[in-house]
Amino acid sequence: MSFALSSFRKDLARWRQDFMATLIWVAIPLMLGGLITILMGSEVRPHGVLLLVDEDETFLSELVVGAYSSGELGEFISVEKTDFDDGLERVNEGEASGLLVIPQGFAEAFIESEPVTLTLRTNPSQTILPGIIRNVTEILLDAGFYAHQLFSDEIQTLTSMTEEPSDAQVAAMAVAIQNKIESVAPRLFPPAIAIDVVEPPHAEPSPPLALLFMPGVIMMAVVFAANGLASDFWREREQGTLRRLVSSPALLGEFLAGKALAAAAIIGLVGGVTMVLGFLYHDITWVHLPVSLVWIAVSGVALFAWFSALQMLFSNPKTASLISMMLVFPLLMAGGSFFPLAVLPDWIAAIGRASPNGFMADRLTTEVTSAAPVAIDLSSWVIVLAGAIVGLVICGWRLRTGFARA
Amino acid sequence: MPQPDTVWFTTMLTVSDLSKNYGDFVAVDRISFSAGDGTVFGLLGPNGAGKSTTINCIAGLLKPTSGHAAVAGHDVVADGKAARSNLGVVPQELALYEDLPAIENLRYWGRAYGLTGQSLDTRVDEVLEHIGLSDRAKDLPKEFSGGMKRRLNFGCGIVHKPPVILLDEPTVGVDPQSRARLFEMVEAERDAGACVLYTTHYMEEAERLCDSLAIIDHGKLIAQGTVDELRAKLGARDVLQLTGHFPVEPTKQAISALIERGNDDLEFLSQDADSITLTLSQASQHLPAIFEAVTGTGGSVTETSLRSPNLETLFLLLTGKELRE
């Protein structure tokens, strides 16, 4: 086992001489991940401004103004009173979602059941908030119409008075309104239509998209590192050190074990740097870090072993490197490094999860988004470990069957 | 089959009836030789003769098609690990980690042969001193000159003090100064008791270093013995080489006529339209007669070379071609 440790130290020392390659393995995923996180990460709730020109300034027009800024609607819309010219200019410049003009005589026209026009101008560069404002305005107008129909007698009485109503008249009107409300109450409270409220099963809030993207970015760094380290077998062959090794009594298994350990350490570091930055940015609980680090180190060794075995099948290092690189980008594409698997159509996501790095990224997603400190299941660990061992066995077979002796 | 006629006190390397075939091509054809401790055994032959294939079979890099090789009594196939433990290999091509300091290269290969701890550190210091790289121990080989790399390559092969050392054309592409240093290092290993198998196609190296040697061509061993024994095969005859233009058949007949006229020790080594090589005793006294015979056939001599016999001559005698063709 001491020669395995010696090989491990030797590969780490050699890797330090080629630090630029490591920077590239980390920098490309970080740049890509950073850009996409900036694009996806700012999840601000939409909030619009409704400019309101109240030329009527009556109790009724104030009710309309209040309707837009009360309750939950107030979280989406702020109402600002302004004059028409200023409002028009601001809507045209895109500073507000809409401009509502309540004309003079609005209240009187409403009471007299005369036609009146409310003018609503919306910002064409926005879609959702102007739509909300338009719908709310239509609901208000419908509500006004039904209120007018229900209390038409009382409104008629009020408008026909030439003098201020007496207490008795006010009381009589209040009683009449109360009677009408009571007469419709059995149909309104509760509503005549029975509604079964079926609540959907309680679901965990889905994680932000940028967080779902993070495992793919980490796996991109791991794939780059694994592929880069795999080319070391060819480098050793060209330096003649594999031939010297085969003519020594040292065991190839120990040599391979040393290489795998070095790959685990380097990939762990490369993936770890990316991961720590991701944890910091997304405020992920640190309890997930150890398991996640071990997962990417083991996954990295599996990828390293298979890339190595693949590269050793070819007859020269250029072909090996070219084929290997040609494989890397489809793998990254399928495995969710450019698009999180969670946002892809189900059938594409299923293909992605079947790819080696997609499988690894999917389990890493489970780990970092789970409440439990260890969320990756045992079977996944077994699959990745078995993949690493089989890959290394193939590497050993290839070394023994001529690759090292050539 | 030539057999060694020298008795070694302790045989460290034995090769018997070793063959290596690649399909129908026979790279090494039933070669046998042995070498003892404290000696340098030369394997001499032109490029492609089968020297490296023989070395690779001994080093465990190739499996012999038939025959055996043993290092310090251990068969290289049946008891490969023990055989390799007793072997130090200095390959023709450099076999170094260019991106690992010289001292770390030596430590790594020392550990590959089982050295650890203080014994490893001590031996690495000795080897650095021996190969003259103590002051560059922490530098990377990629910053070294070609000669320094060759010395480190040698050091990596002997770091574990092997009783048998295989040196495969170690001086190819090496400047004269580094070559002289390598010779000194090989002699030091021999003096320390190692058995050195040295392959080369440079006769002067073989003559300087080797206690005994075997000449190999087309995979076959064509001569074997000490340098003096092999020289004796040529006797005291000189080598005469004439360059010019010579009609082949008439020239051959004219030389044959000279032999029939009493020049018994005159012998053809080679002949073509541009040169003739002959061996004979006291060649300078026979030059006029030879010139007359050659020019009488219509040939013309533009250059004459007369030299004492050496291994190059022997190779020419045995194979009819120059060693470096």
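This is a predicted model: local features need pLDDT of at least 70, side-chain atom pairs count only at pLDDT 80 or more; totals for chains, interfaces and linings use all residues.
1. As a reminder, strands of a sheet pair through backbone hydrogen bonds, either parallel or antiparallel.

2. Both strands sit in an open sheet of four strands in chain B, with the order β12-β13-β11-β14 and antiparallel pairing. Its edges are β12 (267–271) and β14 (300–307) of chain B, each of which pairs on one side only. From one strand to the next, the twist averages 20°.

3. What lies across this part of chain B? Helix α10 (residues 283–295) of chain B does, covering β11, β13 (275–280) and β14 of chain B. The helix runs at about 160° to β14(B). Please keep the chain letter in view here, as the next points concern α10 of chain A, residues 209–230.

4. Now to the helices of chain A. Two packed helices are described by the angle between their axes and the distance between the axes. For helix α10 (residues 209–230) and helix α13 (residues 252–282) of chain A, the angle is about 160° and the axes are 9 Å apart. Angles over 145 degrees count as roughly antiparallel, which is why α10(A) is described as roughly antiparallel to α13(A). Their crossing is right-handed.

5. Which residues make that contact? On the α10(A) side they include A:Leu211, A:Met214, A:Val217 and A:Ala221, and on the α13(A) side they include A:Ala263, A:Ile266, A:Val270, A:Gly271 and A:His282. By class, the contact of α10(A) with α13(A) has 14 nonpolar, four polar and no charged residues.

6. The helix α10(A) also packs with helix α14 (residues 289–311) of chain A, at an angle of about 40° and with the axes 8 Å apart. That angle makes α10(A) oblique to α14(A). The crossing of α10(A) and α14(A) is right-handed.

7. Among the residues of α10(A) in the contact with α14(A) are A:Val223, A:Asn227 and A:Ala230, and α14(A) contributes, among others, A:Ile296, A:Leu303, A:Phe304, A:Phe307 and A:Gln311. This contact divides into eleven nonpolar, five polar and no charged residues. A:Ile218 and A:Val222 of α10(A) are listed in the contacts with both α13(A) and α14(A).

8. How do the chains meet? The contact involves 24 residues of chain B and 20 residues of chain A. On the chain B side, α2 (80–85), β6 (87–90) and α3 (102–112) each supply at least two residues, and α3(B) gives the most, with five residues. By class, the side of chain B that touches chain A has 14 nonpolar, three polar and seven charged residues.

9. Finally, an overview of chain B. The secondary structure of chain B comes to eleven helices and 14 strands, and its C-alpha atoms fill a box of roughly 75 × 40 × 40 Å along the principal axes. Of the 325 residues in chain B, 44% are buried. Among contacts in chain B with a separation of 6 or more, 72% are between residues 24 or more positions apart.

Key:
Residues are numbered from 1 along each chain as its sequence is written. Chains are lettered from A and ligands numbered from 1 in the order in which they are written. Axes are lines fitted to C-alpha atoms, for helices over the stretch in contact, and angles run from 0 to 180 degrees between N-to-C directions. Angles under 35 degrees count as roughly parallel, over 145 as roughly antiparallel, 65 to 115 as roughly perpendicular and the rest as oblique. A crossing is left-handed if the near helix is turned anticlockwise from the far one by less than a right angle, and right-handed if clockwise. Two residues are in contact if their C-beta atoms, placed from the backbone, lie within 7 Å. Ala, Val, Leu, Ile, Met, Phe, Trp, Tyr, Cys and Pro count as nonpolar, Asp, Glu, Lys and Arg as charged, and the others, Gly among them, as polar. Two strands pair if DSSP finds at least two bridges between them. A residue is buried if 20 or more other C-beta atoms lie within 10 Å of its own, exposed if 12 or fewer, and partly exposed in between; C-beta atoms are placed from the backbone.
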